[in-house]
Amino acid sequence: MTLTVPRPAEARAPALPPPRGELSAAVSGRLRGRSGALPGPRAAATADPYGEDVQLALHLCYELHYRGFAGVPDTAEGDIDLLRLRALLEERFEGALREACPGPATPDEVFDTLLTEPPDGRGIARHLLRHGTLEQAREYAVLRSAHRLRESDPHAWALPRLRGRAKAGMATVLYDEFGHGREERVHARLYADLMTALGLDPGYGHYLPAIGAPALATANVMSLFGLRRARRGALVGHFAALEICSPPAASWHAAALRRCGAGEAAARYYDERVEADAVHEQLVRREVVGGLLAEEPGLAAEVAFGAEATVFLEDALAASVTRAWRSGAGAGALRHPVEEEA
């Protein structure tokens, strides 16, 4: 048997990033070993649910359930005080999302909307295809790294909560996402290869300090839905929304990378998504969503909410990024240029 040794940049746990406010400072301090009371309900309830402080604090709490941070013991995952603060932050974040996505759309209504291209062709993929520069492509790769370098890991939380057709369909799609048993084809590995081709560090969590709240929110919502059984319907809705939207956007991203001169190695990740997700779309709608609702029809509103929340956060990220790129003042979409990370 041949053992695959992880490349050093991808194997190491990330360092804790600088805090962005009271809440993230408290979480970071606790992870660094400082004692003392953590912020309570009032601090969480009055914080901006989409702001830098809340989103970074949530990311820090969630990461304990994935790969953790350098120097932070694994036992931090079960810290009761951190779990209590995470629940308060989740209540604030989820409450804002439910207010922004009140329904009462059905899953099919939401999914059918996703298949209709906006007449103005807005969005990050279209911007990169028409006007993007290589530097903007690099910035976007950094922004998405919070999600893509652990791609499908949050969705795997759904498997023990599903049964029958839904479980079988979900496992089939995830098997594709995890490379059909081949490490070099795991989508997270392909994304690391994309970053390398763009001259970026592929290390897991390396660019976290440069990633702003809108991008963190798109990654955090996956853990928000994935880590609680009660949110299994919303997680399936989120998963379906991503799979439905992926093929056209991925084809535009691949074309944009080639137009910018990034090369075939950079475009390979998106080429893989075009091929895989074109099949996944129907499988997810028919088997995963259809199977879940056949077993638990009462979850239809939750599936619709998960899909709507996904679109809401993706639209917010797109607006933030394209606004920065179109400002005309040379501003980038990151909190600071990635060159400062070297």
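Ala, Val, Leu, Ile, Met, Phe, Trp, Tyr, Cys and Pro count here as nonpolar, Asp, Glu, Lys and Arg as charged, and the others, Gly among them, as polar. The structure is a predicted model, in which local features need pLDDT of at least 70 and side-chain atom pairs count only at pLDDT 80 or more, while totals for chains, interfaces and linings use all residues. Residues are numbered from 1 along each chain as its sequence is written, and side-chain values use heavy atoms, with hydrogens and water left out.

Grid points are joined across faces, edges and corners, and a volume is the space filled by probe spheres set on the points. Five cavities of 30 Å³ or more were counted.

The largest cavity holds about 120 Å³. Of its 15 lining residues, H59, S145, A146, Y204 and G205 are the closest to its centre. The elements that contribute two or more residues are α4 and α8 (134-148). This lining comprises eight nonpolar, five polar and two charged residues.

H59 belongs to helix α4. Helix α4 (residues 52-63) has 12 residues and reaches 16 Å from first to last C-alpha, close to the 16 Å expected (1.5 Å times one less than the number of residues). Because 11 of its 12 residues are buried, α4 is largely enclosed by the rest of the structure (buried meaning under 20% relative accessible area with a 1.4 Å probe, protein chains only). These buried residues pack against α2 (22-31), α5 (80-100) and α12 (213-226). H59 itself is buried at 6% relative accessibility. Excluding residues up to four places away in sequence, H59 is in contact with F69, R150, L208, L216 and N220 (contact meaning heavy atoms within 4.5 Å).

Helix α13 (residues 232-259) contains I244, which is buried with a relative accessible area of 3%. Beyond its neighbours within four places in sequence, I244 contacts F111, L114, L115, E281 and R285. I244 and R285 are 41 residues apart in sequence, with a C-alpha to C-alpha distance of 8.7 Å.

Definitions and conventions:
Helices (H or I, at least four residues) and strands (E, at least two) are DSSP runs, numbered from the N terminus. Buried means under 20% relative accessible area, exposed over 50%, partly exposed in between (1.4 Å probe, protein chains only). On a 1 Å grid over the protein atoms alone, a cavity is a set of points where a 1.4 Å probe fits but cannot get out, and a pocket is an open set with protein on both sides within 12 Å along at least five of seven lines; lining residues have an atom within 4 Å of a point.
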